[in-house]
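Colleague: I would like to learn how to read a protein model, feature by feature. Could you take me through one?

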Amino acid sequence: MIIACPHCAALNRVPAERLQQQPVCGKCKTALFRGKPVELTLANFAAHAQKAELPLVVDFWASWCGPCQSFAPVFSQAASELEPYFRFGKINTEQQQQLAAQFNIRSIPTLMVFKQGKVVAQQAGALPKQTFYQWLSQFK
């Protein structure tokens, strides 16, 4: 399985049976799973969304958005509990306007699930934890 490093975005090949064994990046030697969302930018987005094989769950958000702020702990908790089955990433729509425009983000928070470069699901608005986990369960 191809996994993008959350630190340097290098692509690593990890056997599926080793995902639970705290694999490290072959390039920078940091943990491939940190239990927290990756800050996605134009520079590292393609490695995580298009080249990596894990489903990527993206939260498009902004610092001034109240619902985004209230959903952030749920999203972070999901990253700590559901990795290595998913990669979780956050895109700040104010700082990454090109990515927000590319995916036609009109309201925030917007959640998207990517599988090998394709958007397989999209959800506008924050979700309660249980509903969010249920929504994600269909993409494992």
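Modeller: Gladly! Let us start with one residue and its surroundings. Leaving out residues up to four places away in sequence, Met-112 touches Leu-56, Val-57, Val-58, Phe-60, Phe-103, Ile-105, Val-119, Ala-121 and Gln-122. Keep in mind that this is a predicted model.

Colleague: Where is Met-112 found, and is Met-112 buried or exposed?

Modeller: Met-112 is part of strand 6. Met-112 is buried, as its relative accessible area is 1%. For a sense of distance, take Pro-23: it is 89 residues from Met-112 in sequence, and the two C-alpha atoms are 26 Å apart in space.

Colleague: Now the whole chain, please. How many helices and strands are there?

Modeller: The chain has 4 helices and 7 strands. Going along the sequence, their pattern is β-β-β-α-β-α-β-α-β-β-α. The radius of gyration is 14 Å, close to the 14 Å from the globule rule for 140 residues, so the chain is as compact as a globular protein of that length. The C-alpha trace spans about 40 × 30 × 25 Å along its principal axes.

Colleague: What share of the residues counts as buried?

Modeller: Of the 140 residues, 49% count as buried. Contacts tell you about the fold too: among those with a separation of 6 or more, 62% are between residues 24 or more positions apart.

Colleague: Let us turn to cysteines. Which of them form a disulfide?

Modeller: The cut-off you need here is that two cysteine sulfur atoms must lie within 2.5 Å. Cys-65 and Cys-68 form a disulfide, with their sulfur atoms 2.5 Å apart. The count for the structure is 1 disulfide. The torsion about the S-S bond of Cys-65 and Cys-68 is about 80°, so this disulfide is right-handed. Both Cys-65 and Cys-68 are buried.

Colleague: How do I read a pair of aromatic rings?

Modeller: Two values describe a pair of aromatic rings: the distance of the centres and the angle of the planes. This structure holds 12 aromatic pairs. In one of them, Phe-103 and Phe-114 are edge-to-face, at 5.2 Å centre to centre with 80° between the planes. This pair links distant parts of the chain, 11 residues apart: Phe-103 is in the loop between helix 3 (97–102) and strand 6 (110–115), while Phe-114 is in strand 6. Both Phe-103 and Phe-114 are buried.

Colleague: And which residues do ring pairs link into a cluster?

Modeller: The cluster consists of Phe-71, Phe-75, Phe-86, Phe-88, Phe-132, Tyr-133, Trp-135 and Phe-139. Phe-132 and Tyr-133 are both buried. A ring can also have a charge over it: the charged end of Lys-140 sits over the ring of Tyr-85, 5.3 Å from its centre.

Colleague: Last topic: the backbone. What should I look for?

Modeller: Most residues other than glycine have a negative phi, and most peptide bonds are trans. Now look at the exceptions here. The peptide bond from Glu-83 to Pro-84 is cis, with omega near 10°, and Pro-84 is in the loop between helix 2 (66–82) and strand 5 (87–92). The bond from Ile-108 to Pro-109 is also cis, with omega near -5°; Pro-109 belongs to the loop between helix 3 and strand 6.

Colleague: Where does Ala-9 lie, and what is its phi?

Modeller: Ala-9 lies in the loop between strand 1 (2–4) and strand 2 (11–13). Its phi is positive, about 65°, although Ala-9 is not a glycine. Ala-9 is buried, with a relative accessible area of 18%. Gln-22 also has a positive phi, of about 50°, but Gln-22 is exposed, with a relative accessible area of 63%. You will find Gln-22 in the loop between strand 2 and strand 3.

Technical notes:
Residues are numbered from 1 along each chain as its sequence is written. This is a predicted model: local features need pLDDT of at least 70, side-chain atom pairs count only at pLDDT 80 or more; totals for chains, interfaces and linings use all residues. Side-chain values use heavy atoms; hydrogens and water are left out. Buried means under 20% relative accessible area, exposed over 50%, partly exposed in between (1.4 Å probe, protein chains only). Rings of Phe, Tyr and Trp (its six-membered ring) pair if their centres lie within 6.5 Å; planes under 30 degrees apart count as stacked, over 60 as edge-to-face and the rest as tilted. Helices (H or I, at least four residues) and strands (E, at least two) are DSSP runs, numbered from the N terminus. A charge sits over a ring if NZ of Lys or CZ of Arg is within 6 Å of the ring centre and within 35 degrees of the ring normal. The radius of gyration is taken over C-alpha atoms; the globule rule is 2.2 Å times the number of residues to the power 0.38. Contact means heavy atoms within 4.5 Å.
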